[in-house]
Amino acid sequence: MSDTLTVVGHPLILHKLTHMRRKDTSTEMFRRRLNEIAQLLAYEVTRDLPLELIPIETPLGGMEAPQISGKKLCLVSILRAGNGMLDGMLQILPQARVGHVGLYRDPATLVPVEYYFKVPEDIADRLSIVVDPMLATGHSAAAALTRLKEAGAGTIKYVCLLAAPEGIKVLQAAHPDVPIFTAAVDDHLNEHGYIIPGLGDAGDRMFGTK
């Protein structure tokens, strides 16, 4: 693994992640914890946003104060589970534009199949932050980043909740220019492409569909 990987092992994140891993955690609590972790990850992934000084007036006088410069951000959710992280990040970054990439993993081949793609027209001028809870095989993430680059995205960061070593390797090989941020790296993938020990299917647990 290269230096494009950042594991955000903050105690608050790890504590909340433990709640999510438990098999008896309710749908409501799972959703709430994912939202909270996404907010915490948003701080880390935006740590190096460019700033510019602007003149303002405080109640006691004038000053040059920093604000984020440029066209800001585009948050891109890999459907459907990515929406759980998207909601949390939007609470911290409410002015961000939003894009969606719809992919599903063929259960036989594990190859991603695209069914939806919609991003802002000016995505080339924005930092794209791609969110998806699980980086498992890495094939869906790699396909989503490829589509974003085809649409003009230049600067991209990828943020997930959990990652498997296999998925990290695939994503770094396909997109060595894209930094990866995750709360934890688990042990391995099983024969069905699920992260072990992981937390199960994030989409099913978030939406109560299984």
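This tour moves from a pair of packed helices to one residue in a strand.

The model is predicted, so that local features need pLDDT of at least 70 and side-chain atom pairs count only at pLDDT 80 or more, while totals for chains, interfaces and linings use all residues. Residues are numbered from 1 along each chain as its sequence is written, and side-chain values use heavy atoms, with hydrogens and water left out.

Select helix 1 (residues 11-21) together with helix 2 (residues 27-45), whose axes come within 9 Å and cross at roughly 155 degrees. That angle makes helix 1 roughly antiparallel to helix 2, a term for angles over 145 degrees. The crossing of the two helices is left-handed.

Next, show the side chains of the contact (heavy atoms within 4.5 Å): L12, I13, K16, L17, H19 and M20 come from helix 1, and F30, R33, L34, E36, I37, L40 and L41 from helix 2. These residues divide into nine nonpolar, one polar and three charged.

Now keep I13, K16, L17, H19 and M20 of helix 1, which are buried, meaning under 20% relative accessible area. They lie on the same side of helix 1, because they cover an arc of only 150 degrees around the axis. Among the elements that cover them are helix 2, strand 9 (155-163), strand 10 (180-185) and helix 6 (202-207).

Finally, select M63 in strand 3 (residues 61-68). M63 is partly exposed, with a relative accessible area of 40%, and it touches I54, P55, I56 and T58, not counting residues up to four places away in sequence. L53 is ten residues from M63 in sequence and 9.3 Å from it in space, C-alpha to C-alpha.

Terms used
Axes are lines fitted to C-alpha atoms, for helices over the stretch in contact, and angles run from 0 to 180 degrees between N-to-C directions. Helices (H or I, at least four residues) and strands (E, at least two) are DSSP runs, numbered from the N terminus. Angles under 35 degrees count as roughly parallel, over 145 as roughly antiparallel, 65 to 115 as roughly perpendicular and the rest as oblique. A crossing is left-handed if the near helix is turned anticlockwise from the far one by less than a right angle, and right-handed if clockwise. Ala, Val, Leu, Ile, Met, Phe, Trp, Tyr, Cys and Pro count as nonpolar, Asp, Glu, Lys and Arg as charged, and the others, Gly among them, as polar. Buried means under 20% relative accessible area, exposed over 50%, partly exposed in between (1.4 Å probe, protein chains only). The arc is that of the directions from the helix axis to the C-beta atoms.
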